[in-house]
Amino acid sequence: MDLPGPIHDFLLVFLGSGLILGGLGVVLLTNPIYSAFSLGLVFVCISLFYIPSNSHFVAAAQLLIYVGAINVLIIFAVMFMNGSEYYKDFNLWTG
C-alpha cells in the first residue's frame with residue numbers, strides 16, 4: 001500500500017503504541033481475562049503491521065490464526081479453569 005510519508009509514520013506510531021500498551025497490559029493486569037484481551041490487542045496490532053508492507057495474506061492469516069483461534073482458546077481455558085474463583089462474591093447476593 002503506497003501511503004504518503006506522514007500517514008505511514010502515524011500508522012506505525014499508532015500500531016507501535018498499541019503493541020506497547022497491549023504488552024504492558026498482558027504483564028501488569030491481574031485479571032487473566034483482561035490480560036488475554038490485551039494479548040488479543042497485541043495480536044491485532046502485529047497483524048496490522050503487515051498491511052503497509054503489502055503482505056495482505058500474511059496479515060489475514062495472522063489475524064485468523066492468532067486472534068481467531070489461539071486467543072479464543074486462551075480466553076476459554078482461563079474462563080474454564082478460574083470459574084469458581086470469581087463466583088465467591090456472588091454468594092453474598094444470592095444466599
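The chat below takes those topics in turn.

Q: What should I know about the model and numbering before we start?
A: This is a predicted model, where local features need pLDDT of at least 70, side-chain atom pairs count only at pLDDT 80 or more, and totals for chains, interfaces and linings use all residues. Residues are numbered from 1 along each chain as its sequence is written, and side-chain values use heavy atoms, with hydrogens and water left out.

Q: At what angle do α1 and α2 pack?
A: About 155°, with the axes 8 Å apart. Axes are lines fitted to C-alpha atoms, for helices over the stretch in contact, and angles run from 0 to 180 degrees between N-to-C directions. Helices themselves are DSSP runs (H or I, at least four residues), numbered from the N terminus.

Q: So parallel or antiparallel?
A: α1 and α2 are roughly antiparallel, a term for angles over 145 degrees.

Q: Which residues of α1 and α2 make the contact?
A: On α1 they include Leu12, Leu15, Gly16 and Val26. On α2, Ser35, Leu39, Val42 and Phe49 are among them. Contact means heavy atoms within 4.5 Å.

Q: How many of the contact residues are nonpolar, polar or charged?
A: Eleven nonpolar, seven polar, no charged. Ala, Val, Leu, Ile, Met, Phe, Trp, Tyr, Cys and Pro count as nonpolar, Asp, Glu, Lys and Arg as charged, and the others, Gly among them, as polar.

Q: Ser35 is on that list. Is Ser35 buried or exposed?
A: Ser35 is buried, at 14% relative accessible area. Buried means under 20%, exposed over 50%, with a 1.4 Å probe and protein chains only.

Q: What does Ser35 touch?
A: Leaving out residues up to four places away in sequence, Ser35 touches Gly25, Val26 and Leu29.

Q: What about Asn71, buried or exposed?
A: Buried, with a relative accessible area of 5%. Asn71 sits in helix α3. Beyond four places in sequence, Asn71 touches Ala36, Leu39, Gly40, Phe43 and Tyr66.

Q: New topic. How many aromatic pairs are there?
A: A search of the whole structure gives three. Phe10 and Phe14 form a stacked one, 6.2 Å centre to centre with 20° between the planes. Rings of Phe, Tyr and Trp (its six-membered ring) pair if their centres lie within 6.5 Å, and planes under 30 degrees apart count as stacked.

Q: Where do Phe10 and Phe14 sit?
A: Both are in helix α1 (residues 5–28), four residues apart, so about one helical turn separates them. Phe10 and Phe14 are exposed.

Definitions and conventions. Phe/Tyr/Trp six-rings, centres within 6.5 Å; stacked < 30°, edge-to-face > 60°. Helix = DSSP H or I, 4+ residues; strand = E, 2+ residues; numbered from the N terminus. Parallel < 35°, antiparallel > 145°, perpendicular 65-115°, else oblique.
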